[in-house]
Amino acid sequence: QVQLVESGGGLVQPGGSLKLSCAASGSIFGIDYMGWYRQAPGKQRELVATINSESSTNYADSVKVRFSISKDNAKNTGYLQMTDLKPEDTAVYYCNAAIKRRPSGLVYGYWGQGTQVTVSS
């Protein structure tokens with residue numbers, strides 16, 4: 001069974017930093033693509049950042065410069081480094097990944113369980 005497990009959320013003051021992790025486990029070859037999304041109360045889920053198999057990245061305009069997405073292929077783990085956090089970054093953050101499964105090599109999409117990020121003084 002393949003799972004995505006997120007960690008690293010919490011409470012941080014404005015201007016602070018957090019690093020989220022999203023680890024894939026199970027019988028897999030690796031992560032082809034990863035995206036981080038967030039959903040604030042009463043709002044739709046929005047795309048924050050993506051990274052593909054060639055490590056090309058994209059960011060929402062609201063987080064450019066402040067956030068950085070990366071992945072460690074050896075650890076089957078993706079990261080979202082968040083700096084200069086603002087109260088409007090408060091949301092539940094979800095990772096979404098396209099994972100190549102063993103032994104077929106077919107790629108399936110998975111979601112993490114979500115992790116709460118709260119930015120408040």
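Where in the chain is the place of Val65? In this predicted model, Val65 sits in the loop between β6 and β7. The phi angle of Val65 is near 80°, a positive value in a residue other than glycine. Most residues other than glycine have a negative phi. Val65 counts as exposed, because its relative accessibility is 83% and the threshold for that class is over 50%.

The secondary structure of the protein chain comprises 0 helices and 11 strands. Read along the sequence, the elements accordingly follow the pattern β-β-β-β-β-β-β-β-β-β-β. As to overall dimensions, the C-alpha atoms fill a box of roughly 50 × 25 × 25 Å, taken along the principal axes. The radius of gyration of the protein chain is 14 Å, which agrees with the value near 14 Å that a compact globule of 121 residues would have. Of the 121 residues, 42% are buried. Among contacts with a separation of 6 or more, 56% are made by residues 24 or more positions apart. The chain exposes about 6,400 Å², and carbon and sulfur atoms supply 47% of that area.

The arrangement of strands may be considered next. An open sheet is formed by 4 strands in the order β1-β3-β8-β7, with antiparallel pairing. β1 (3–7) and β7 (67–72) each have a single partner strand and stand at the edges, so one side of each is left without a neighbour in the sheet. From one strand to the next, the twist averages 15°. Within this sheet, strand β3 (residues 18–25) and strand β8 (residues 77–82) run antiparallel and are joined by 6 bridges.

How many disulfides does the count come to? The count is 1 disulfide, and this bond joins Cys22 to Cys95, with an S to S distance of 2.0 Å. Because Cys22 lies in strand β3 and Cys95 in strand β9, the pair ties together parts that are 73 residues apart in sequence. The link of Cys22 and Cys95 is right-handed, with 55° about the S-S bond. Are these two cysteines buried or exposed? Cys22 is buried, with a relative accessible area of 0%; Cys95 is likewise buried, with a relative accessible area of 0%.

Asn76 is placed in the loop between β7 and β8, yet Asn76 counts as buried because its relative accessibility is 17%, and burial is defined as under 20%. Which residues does Asn76 touch, not counting those up to four places away in sequence? They are Cys22, Ala23, Ala24, Ile28, Phe29, Gly30 and Ile31.

Gly30 and Ile31 are also in contact with Ala98, a residue of strand β9. Ala98 is buried, with a relative accessible area of 17%. For Ala98 and Tyr108, the C-alpha to C-alpha distance is 5.4 Å, although the two are 10 residues apart in sequence.

Most peptide bonds are trans. A cis peptide bond, however, joins Arg102 and Pro103, with omega about -10°. Pro103 is found in the loop between β9 (91–101) and β10 (107–111).

A further backbone feature concerns Ser55. The phi angle of Ser55 is near 65°, a positive value in a residue other than glycine. Ser55 lies in the loop between β5 (46–51) and β6 (57–59). With a relative accessible area of 44%, Ser55 is partly exposed, whereas Val65, at 83%, counts as exposed.

Technical notes:
Residues are numbered from 1 along each chain as its sequence is written. This is a predicted model: local features need pLDDT of at least 70, side-chain atom pairs count only at pLDDT 80 or more; totals for chains, interfaces and linings use all residues. Side-chain values use heavy atoms; hydrogens and water are left out. Two strands pair if DSSP finds at least two bridges between them. Helices (H or I, at least four residues) and strands (E, at least two) are DSSP runs, numbered from the N terminus. Axes are lines fitted to C-alpha atoms, for helices over the stretch in contact, and angles run from 0 to 180 degrees between N-to-C directions. Buried means under 20% relative accessible area, exposed over 50%, partly exposed in between (1.4 Å probe, protein chains only). The radius of gyration is taken over C-alpha atoms; the globule rule is 2.2 Å times the number of residues to the power 0.38. Contact means heavy atoms within 4.5 Å. Accessible areas come from the Shrake-Rupley method with a 1.4 Å probe; for residues, only the protein chains shown count as cover. A disulfide is a pair of cysteine sulfur atoms within 2.5 Å.
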